[in-house]
Amino acid sequence: MKAIVQDKYGPPHDVLSLREIDKPVIKDNEVLVRVHTAAVHAGDWLLMGGQPPILRLMFGLRKPRKKIPGFDLSGYVEAVGPKVTEFQVGDDVFGTCKGSCAEYVATSAKRLAPKPDNLTLEQAAGIAVSGITALRGMRNAAKVQPGQKVLITGASGGVGTFAVQIAKSLGAEVTGVCSTSNVELVRSVGADHVIDYTREDFTEGEERYDIVLDNAGKHSLKEMRRAVAPTGRLIPNSGTTGGKVFGPIGRMLRASMSAMFVSKQGAPFVAGERREDMLALKELIEAGTITPVIGETYPLSDTAAAMALVASGHARGKTLVAVARD
Ligand SMILES: NC(=O)c1ccc[n+]([C@@H]2O[C@H](COP(=O)([O-])OP(=O)(O)OC[C@H]3O[C@@H](n4cnc5c(N)ncnc54)[C@H](OP(=O)(O)O)[C@@H]3O)[C@@H](O)[C@H]2O)c1
C-alpha cells in the first residue's frame, strides 16, 4: 500500500516521503480501515519535528517510533477482528489511529465511530481530534452555561471552529478571536462577536468573559487572565510555541501549577480519544447543530504541504489529506 513515511525528525519537505509499504495486519479487537481522507493538526506537526525535544523521551530519542503521520481519518471498514462487534465490512467510519496518512490502517474499534449520515467521508475526516478537544474544552473543562460570555482564541482553526459552534449550542454568547481574513469565517460558524487580533488586543480591553478558551497561546497566562471575569475561568489549551526544551509543554506545566493557586484559571486538559465523545459529536452534527469546517485538501503525495500549512499556525478549519480517489 501507499503511505507517507518518515525515518527522522525534521521539517515536512525534508522528512516525509511517499512509499510502498506492507498493509497492516489487524489484531482481534482491531478494524482494518481503507482510508478515504486523513486530517493533520498541530500535534502531528510537533511530533513530526520531534519538537519540543522533551517529547522524544516518549516518541523516540533519535528517530520517531511512529513512522506514519496523522491521527484523524475517515474511511470504509475493510475487515474486522473476531472480537469486534460494533462494525461490519463496508461501514463508513471516522476516528483516530496511529498513522492515517496511508491507504490502510489497523486501529482499535474503540477509536472509531460511524460516519454522521449527513456528511461526506471528506467532511468527516477532521472531526475526531479537534471536535473532541472542543467538546472536552467547552462541555467538561469550562462547563459552559447558557448566557455565559465565552471568548475563544484561534477561533478560525481546527479546534476553534468546533469550539465556537459547541459553545453556541450550550447557550453561550461567543466572541471569536482571529485575523482579518478569517473574521467572516468565524462569524459564519455562529460567533456573536469577532475580534480581529491584528487590530485589537482583547487582553487590554474593558470586556471581561466568564470563560476564555485559549487555543492560540500567544499571550502570557497572566495577560490572558486579565480578560477573565472575577468569577470566570481561563481554560489554557496548549499553544505551539515556547522555550527550546519544553516548548508548549512548559506553558502547560506552568498552567497546571498556577491553576492550583489562581481561582480564575483551570488546568490544561487532555482531550483523549473517547468513543462516547465521537458519538456525541455525530449526534450534534446529524442534528445540524455543528458542521465541520474544511480548509485546504492536499493529495497524499503532498502531505508535506498540508503539514507546512499547519506549521504556519494559520490553518483555516481542518486541513485534509485526500488518500483515496473517489
Ligand atoms: N488539549 C488537547 O488535548 C489538545 C488536542 C488537540 C489540539 N490541542 C491544541 O489546540 C490548539 C489549537 O489547535 P488547532 O488544531 O485548532 O490549531 P490550528 O488549526 O493550527 O489553528 C490555529 C489558529 O490560531 C489562530 N491564531 C494564530 N495567531 C493567533 C493570535 N495571535 N490570536 C488568536 N488566534 C490566533 C489562527 O488564526 P489566523 O490564521 O486568523 O491567525 C488559526 O486559525 C493547539 O495549541 C493544539 O496544540 C490541544
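Student: What are the crossing angle and the axis distance of helix H2 and helix H11?

Tutor: The axes of helix H2 (residues 42-49) and helix H11 (residues 303-311) come within 9 Å and cross at roughly 105°. Axes are lines fitted to C-alpha atoms, for helices over the stretch in contact, and angles run from 0 to 180 degrees between N-to-C directions. Helices (H or I, at least four residues) and strands (E, at least two) are DSSP runs, numbered from the N terminus. The model is predicted: local features need pLDDT of at least 70, side-chain atom pairs count only at pLDDT 80 or more, and totals for chains, interfaces and linings use all residues. Residues are numbered from 1 along each chain as its sequence is written, and side-chain values use heavy atoms, without hydrogens and water.

Student: Why are H2 and H11 called roughly perpendicular?

Tutor: Angles under 35 degrees count as roughly parallel, over 145 as roughly antiparallel, 65 to 115 as roughly perpendicular and the rest as oblique. The crossing is at roughly 105°, and H2 and H11 are therefore roughly perpendicular to each other.

Student: Which residues make the contact, and how many of them are nonpolar, polar or charged?

Tutor: With contact defined as heavy atoms within 4.5 Å, H2 contributes Ala-42, Asp-44, Trp-45 and Met-48, and H11 contributes Met-307, Val-310 and Ala-311. Ala, Val, Leu, Ile, Met, Phe, Trp, Tyr, Cys and Pro count as nonpolar, Asp, Glu, Lys and Arg as charged, and the others, Gly among them, as polar. The contact of H2 with H11 accordingly has six nonpolar, no polar and one charged residues.

Student: What makes S10 and S12 edge strands?

Tutor: Five strands form an open sheet with parallel pairing, in the order S10-S9-S8-S11-S12. Strand S10 (193-196) and strand S12 (228-236) each pair on one side only. Two strands pair if DSSP finds at least two bridges between them; strand S9 (residues 173-178) and S10 pair in the parallel sense over four bridges. In S10, Val-194 is the bridge partner of Gly-176, and Ile-195 stands opposite Val-177.

Student: What is the handedness of the β-α-β unit made by S9, helix H7 and S10?

Tutor: A crossover is right-handed if, with the strands pointing away from the viewer, the path from the first strand over the helix to the second runs clockwise. The unit of S9, helix H7 (residues 183-188) and S10 is right-handed.
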